[in-house]
Amino acid sequence: MEAMLFQVAERSLRFCRLFETKNVNGKIRFFRVRPGRILTIARIVKGRRQAKFNVLFSSSLHSRVHQCPLRMLRASVVRACPSRIFSSAKIVKAEKKTGACSQFSEACPIFCKDKRFIRFPDASSGKNRNFGKKLRNLCQGTIDQPRITGAESVIRVISPVICFLFFRAEYPIFAKTRRGKFESRRSKNRDVRKNPLRDENKQLNLIGMKTNLNYDMFVPTRTLFGAGTLNELHAQPMPGRKALLVISNGRSTRANSYLSRTEEQLRMAGVETVLFDRVEANPLKSTVMAGGAMARENGCDMIVALGGGSVMDAAKAIAVVASNGGDYWDYIPCGTGKGKAVAETPLPIVAITTTAGTGSETDAGCVITNAETHEKTGFVHPGLFPVLAVVDPELMLTVPPKFTAFQGFDALFHSTEAYISNAANLMSDMYVLNAIENVARYLPRAVADGSDLEARTRVAWGNTLSGSVMCVGRCTSEHSLEHAMSAYHQELPHGAGLIMISKAYYAHFIERHVCDERFVAMARALGVEDAREPMDFIRALEALQRACGVADLRMSDYGISPDEFPAMVRNARETMGFLFPFDREPLSDEECEAIYRASYR
């Protein structure tokens, strides 16, 4: 027994190879720094009064931090534990499955005989009641310091004096500071932290990622999704009998027969139509006012939007003006708007999207530009959820490659922003990663071959998910910064502006390590399967932009000059300031301007 006790004390000294010290709240604590520290044992020392024999092996393999105050390292700090711990199959399984648990066999040879775990005497039993006392007396006496070689022990039977002398004599990485406390020189020169979200196979544990566990989701829109669904429009219940049919001022809707097909479907459903074809890119308040007047003059009781994001946004704003009257900007709650309440429910809307970018077909918001004040801002009202959305990828086959890319990146950034926002939650996280994967994988195909129906369908699916993300999550200030750009330069496509500032914007947050694990997860969703660091996201984003032919967009090509940046920052704050609080780290005006300047070409 005496020899066995000495062997316990000898091997217990070897635990110091596993730890470095750190001053935490005035107390010295030991932290594991050995590779694979995610798989650790549980806390060994629990209090000054534990003076019985104890060997603690944890079957929980996910304790990240192993710590122990120095003042608790008494002569006999281990107590008796059940024999099942030594015979537990979990220890053996952990040893076999993970190299990080190899210390189980190396640290405890005294408990093993013929590869079998041997039960130590129980100090609490009557037969061995003096076991703990003998052990304590032995450790408080003089013990020859053994020569420590390779083995690393997790069993500690040591007094503070022995610990002090042993550290000073045998481990030069520990030094005594001016205040008489131990600190690790090595820990100052290297980062020993491990990513708790990455297991031994270098996979992210997304279930363990921090996110909001509560969410509030309301998306009352009925959605018909898939190729050919426009042909089913006539069979759907309609919210009215006379519709203002809103389209763009371009030729594509007519040239590709989308307008005639929609009019025929509405006629079959018993709905009369009045055409409004004056919507431009980045729709203006003046256009909204004209549309509202036409709807009232013709007695329209519903709105049908046939087109992309601009058409659907204009249709929603028209629905507000048609039922409430007055100036549209009176209802805007920011900038020069008056924040007037919407007294009457907006006209019901049926949204038929011909692009995959904004997600407006399934959300309750719209973005309109006031050309007089250079304000471009959003407006949200629950009555602006379309009652019916038709997402037919066949209507997207004729979108030119450049605009396919612009729209696809708009959808992508809705999701990436929501994922790094402080409003991210269980539901939005699920939508976001699926949206990113679909857009990243299929957008290059859709750009290269517009007739690829599968690619168009997948990108449309990612866009629909991103639209729902905006209902359950939140975008961040990236959208605010871009809206300020296109407020001064209406010809700038929204997606193009987002692409221009995207790399500098996300790099800003990566450099500040606000949510490293989320950027790694997004990099993997973008297709970088072995992504390990946040900057992999930027590299993946650059690769996607090159694949879609939009990596070389220049602000100067759209007439933007650096002299405008201070005004744009103020504009973003005044008109779209409600998105800034959703940044995980607040952006100052100087940082916003720096993002503009870093993006300028």
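How are H10 and H11 oriented to each other? H10 and H11 are oblique to each other, a class that holds the angles left over when those under 35 degrees count as roughly parallel, those over 145 as roughly antiparallel and those from 65 to 115 as roughly perpendicular. This is a predicted model, in which local features need pLDDT of at least 70 and side-chain atom pairs count only at pLDDT 80 or more, while totals for chains, interfaces and linings use all residues. Residues are numbered from 1 along each chain as its sequence is written, and side-chain values use heavy atoms, with hydrogens and water left out.

**Overall fold**

- Of the 601 residues in the chain, 55% are buried, where buried means under 20% relative accessible area, exposed over 50% and partly exposed in between, with a 1.4 Å probe and protein chains only.
- Among contacts (heavy atoms within 4.5 Å) between residues at least 6 apart in sequence, 77% join residues at least 24 apart.

**Helices H10 and H11**

- The axes of H10 (residues 285-297) and H11 (residues 309-324) come within 8 Å and cross at roughly 55 degrees; axes are lines fitted to C-alpha atoms, for helices over the stretch in contact, and angles run from 0 to 180 degrees between N-to-C directions.
- From H10, Val288, Met289, Gly291, Gly292, Ala295 and Arg296 meet Ala314, Ala317, Ile318, Val321 and Ala322 of H11.
- The residues of this contact of H10 with H11 comprise 8 nonpolar, 2 polar and 1 charged; Ala, Val, Leu, Ile, Met, Phe, Trp, Tyr, Cys and Pro count as nonpolar, Asp, Glu, Lys and Arg as charged, and the others, Gly among them, as polar.

**Helices H19 and H20**

- H19 (residues 565-576) and H20 (residues 589-599) have axes that come within 9 Å and cross at roughly 125 degrees, and the two helices are therefore oblique to each other.
- The crossing of H19 and H20 is right-handed.
- Phe565, Pro566, Met568, Val569 and Arg573 of H19 make the contact with Asp589, Cys592, Glu593, Tyr596 and Arg597 of H20.
- By class, the contact of H19 with H20 has 6 nonpolar, no polar and 4 charged residues.

**Cysteines**

- A search of the whole structure finds 0 disulfides, a disulfide being a pair of cysteine sulfur atoms within 2.5 Å.
- Cys475 counts as buried at 7% relative accessibility, and Cys548 is buried with a relative accessible area of 6%.

Technical notes: Helix = DSSP H or I, 4+ residues; strand = E, 2+ residues; numbered from the N terminus. Left-handed = near helix turned anticlockwise from the far one by under 90°.
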